[in-house]
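Reader: I am new to this structure and would like to know what stands behind the words used for it. Could you take me through them one at a time?

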Amino acid sequence: LSQGTSEEPGGATIHPITAGCLMTRPPTVGRRRLAWLVRRCRATREIPLIAAIAPKDANGCERLCETILDLGLSSVELHVAAGAAPDGVVPMITLLASAPLQAVLVRLPLESVASLAPAAAAAGADALVVAAPAMGRAQTANGTIQQGEVHAPSLLPLYALAVQAAASAGIPVIGRGGIASWEDVRTMLASGAMAVQLDSIL
């Protein structure tokens, strides 16, 4: 992207910046929106679906888990908020781990991987997604200052370092962030990831 902004299907807006792009998203989807998205995906193609959820607390997590099971989904990716403490995250992971799900993935914030990875593994996570997009602020093409997720290949070394730190937790790590080439995938695998997750590159 060289100028202006573009709208993504999920409601996100991409703002090109010098280092890559800044992505702003609407608030996380609720139960009705989640159900609608699942129906839409299933109407398009028959592929396994993983529900990505970002509840604020254990009560919200329990409600979303019930919705996921009602929709016939068997896997979930819990998005942990930036600044979250282990005592707020562990109850949500424990709840999901006790549900009849095939896989519970936990996406960790970049700045908290070292402190949250061991706690997530101990609470029953099946795998860690490392890491959530870095947050930042930048002036966009229309002159306004926006805050959002920073997506850029130049951030790969930071994500690879976080993957290396998370690998010591003893459960599989999925590397995400900064991946723009096969060489980047190899960097993630060499840093301890057993798979990678693609995001804005798609």
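Author: Let me start with a definition: axes are lines fitted to C-alpha atoms, for helices over the stretch in contact, and angles run from 0 to 180 degrees between N-to-C directions. Helices (H or I, at least four residues) and strands (E, at least two) are DSSP runs, numbered from the N terminus. This is a predicted model, in which local features need pLDDT of at least 70 and side-chain atom pairs count only at pLDDT 80 or more, while totals for chains, interfaces and linings use all residues. Residues are numbered from 1 along each chain as its sequence is written, and side-chain values use heavy atoms, with hydrogens and water left out.

Reader: What makes α3 roughly parallel to α4?

Author: The axes of helix α3 (residues 86-98) and helix α4 (residues 113-123) come within 9 Å and cross at roughly 30 degrees. Angles under 35 degrees count as roughly parallel, over 145 as roughly antiparallel, 65 to 115 as roughly perpendicular and the rest as oblique, and therefore α3 is called roughly parallel to α4.

Reader: Which residues of α3 and α4 make the contact?

Author: Contact means heavy atoms within 4.5 Å. On the α3 side the contact is made by Pro86, Val89, Val90, Ile93, Thr94 and Ala97, and on the α4 side by Ser115, Leu116, Ala119, Ala120 and Ala123. With Ala, Val, Leu, Ile, Met, Phe, Trp, Tyr, Cys and Pro counted as nonpolar, Asp, Glu, Lys and Arg as charged, and the others, Gly among them, as polar, the residues of this contact divide into nine nonpolar, two polar and no charged.

Reader: Why is α5 called roughly parallel to α6?

Author: The axes of helix α5 (residues 156-166) and helix α6 (residues 182-190) come within 8 Å and cross at roughly 25 degrees, and for that reason α5 counts as roughly parallel to α6. In their contact, Leu156, Tyr159, Ala160 and Val163 of α5 meet Asp184, Thr187 and Met188 of α6, and these residues divide into five nonpolar, one polar and one charged.

Reader: How do you know whether Ala122, Ala134 and Gly177 are buried or exposed?

Author: Buried means under 20% relative accessible area, exposed over 50%, and partly exposed in between (1.4 Å probe, protein chains only). Ala122, which lies in helix α4, has a relative accessible area of 71% and is therefore exposed. Ala134 has its place in strand β8, and its relative accessible area of 19% is why it is called buried. Gly177 lies in the loop between β10 (173-176) and α6, and with a relative accessible area of 4% Gly177 is therefore buried as well.

Reader: Which residues does Gly177 contact?

Author: Leaving aside neighbours within four places in sequence, Gly177 is in contact with Leu156, Tyr159, Met188 and Gln197. Ala134, again not counting residues up to four places away in sequence, touches Leu110, Gly148, Glu149, Val150, Leu155 and Tyr159.

Reader: What is the largest nonpolar core, and which residues have the most contacts inside it?

Author: A nonpolar core is a set of buried Ala, Val, Leu, Ile, Met, Phe, Trp, Tyr and Cys residues joined through side-chain atoms within 4.5 Å. The largest one here has 53 residues, and those with the most contacts inside it are Leu96, Val106, Leu128 and Val130.

Reader: Where is the cis peptide bond that involves Val130?

Author: A cis peptide bond, with omega about 5 degrees, joins Val130 and Ala131, and Ala131 lies in the loop between β7 (127-130) and β8 (134-139).
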